[in-house]
Amino acid sequence: MIKIENLVKRYGDLLALDHLNLEIDEGEIFGLLGPNGSGKSTAIGCLLSLLKYDKGNIEIFGRKMTPDNYEVKRQIGVILQNVAVFDELTVYENIDYFCGLYVKERDKKKQYVQEAIAFVGLENYEKMRPKKLSGGLLRRLNIACGIAHKPRLIIMDEPTVAVDPQSRNKILEGIQELNKQGSTIIYTTHYMEEAEQICSRIAIMDHGRSIAIGTKEELKKMIKTGEAITIENIQLEQSQVSDIRAIRHVFQVEYKEDVLTVRCSEARHNLVRILNYMQEQEIPFGQVSSQLPTLNDVFLEITGKQLRD
Ligand SMILES: Nc1ncnc2c1ncn2[C@@H]1O[C@H](COP(=O)(O)OP(=O)(O)OP(=O)(O)O)[C@@H](O)[C@H]1O
């Protein structure tokens with residue numbers, strides 16, 4: 001449905017997109033996950049022909065995307081980071097305006113506007129102007145304006161940044177519902193939990209490139225970490241740290257400020273083996289936790305950096 005091939009975008013000397021390749025199928029909730037500055041918004045801008053790019057090719061619905069391809073643009077709903085609504089119009093009038101750009105028939109438009117209002121839960125705010133709304137409600141209005149015309153493809157650029165938990169959940173549920181109703185969704189975020197929660201496939205971006213693509217399960221299988229074990233309030237000699245490093249399936253040990261973190265490859269009884277060692281050596285310790293790999297681990301192993309959460 002969407003094909004991005006070898007996309008290169010420079011801002012002066014800065015290479016914001018470095019031969020980006022992506023293919024997105026109809027029906028997906030596709031996540032673009034990456035730290036700030038990794039090129040997500042630039043990729044969206046190019047995809048929508050809002051930004052010129054230096055090299056590459058973009059196809060949407062099987063057709064080349066160009067700034068004047070209105071037939072394609074009409075079928076896309078866009079929700080960008082900056083809220084773009086009219087201050088002098090009420091909530092209802094704003095949604096009505098944006099829906100009216102695409103839907104001309106009056107009854108149908110009215111129905112769509114009402115459905116959009118119900119969808120984002122703004123029924124009690126219809127007559128309010130945007131300035132009176134909280135940040136979360138304003139984001140919901142922004143979303144309603146972008147989706148009221150029931151587009152085939154919806155592109156959302158970090159719609160939950162600086163949003164309270166209640167609105168955030170409402171937004172995430174809404175995205176899943178829109179997808180169930182038939183829209184394909186492209187969703188950018190730097191929150192890995194959100195990507196895990198709603199995306200059918202995820203591309204992890206860094207420095208303008210997609211460094212890994214797949215379902216969350218596929219991404220986690222790409223890395224060595226099968227389990228990360230953390231033990232708090234533990235005092236160890238250097239020789240003991242070395243002993244732990246030598247335990248079977250352990251491939252990385254970090255010991256800092258009385259906290260021990262041990263990364264193991266996927267195997268049974270990793271935790272038991274490590275705790276047995278503590279017992280043998282009579283080492284006291286505090287809380288123990290074992291975590292399956294997260295998308296942060298994927299990012300960490302591939303790039304050596306943390307994906308800010
Ligand atoms: N108009 C611009 N002029 C110059 N540099 C830019 C411009 N827009 C973005 N950049 C730079 O391009 C790189 C990619 O930015 P981009 O906004 O696409 O990343 P992002 O992953 O969307 O991050 P964020 O979540 O912060 O928006 C960054 O280094 C950024 O500083």
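Which strands does helix 5 lie across, and at about what angle does helix 5 run to strand 6? Here are some notes on this predicted model, with that point taken up first.

1. Helix 5, spanning residues 135-147, lies across strand 6 and strand 7 (153-157). Relative to strand 6, the helix runs at about 165°. Helix 6 (residues 165-180) also packs on the sheet, where it touches strand 3 (29-33), strand 7 and strand 8 (184-189). The direction of helix 6 makes about 155° with that of strand 8.

2. Now to the sheet itself: an open one of 6 strands, ordered 6-7-8-3-9-10, and its pairing is mixed. Its edges are strand 6 (76-79) and strand 10 (209-214), each of which pairs on one side only. From one strand to the next, the twist averages 15°.

3. A handy pair to look up here is V78, which stands opposite I155 in strand 7. Within strand 6, I76 and V78 point one way while G77 and I79 point the other way. In a regular strand, side chains alternate between the two faces of the sheet. All of I76, G77, V78 and I79 are buried.

4. Finally, the overall layout: the domain assignment of the protein chain gives domain 1 as 2-220 and domain 2 as 224-292. The centres of domain 1 and domain 2, taken over C-alpha atoms, are separated by 42 Å.

Terms used: Residues are numbered from 1 along each chain as its sequence is written. This is a predicted model: local features need pLDDT of at least 70, side-chain atom pairs count only at pLDDT 80 or more; totals for chains, interfaces and linings use all residues. Domain bounds come from an automatic or database domain assignment. Two strands pair if DSSP finds at least two bridges between them. Helices (H or I, at least four residues) and strands (E, at least two) are DSSP runs, numbered from the N terminus. Axes are lines fitted to C-alpha atoms, for helices over the stretch in contact, and angles run from 0 to 180 degrees between N-to-C directions. Two residues are in contact if their C-beta atoms, placed from the backbone, lie within 7 Å. A residue is buried if 20 or more other C-beta atoms lie within 10 Å of its own, exposed if 12 or fewer, and partly exposed in between; C-beta atoms are placed from the backbone.
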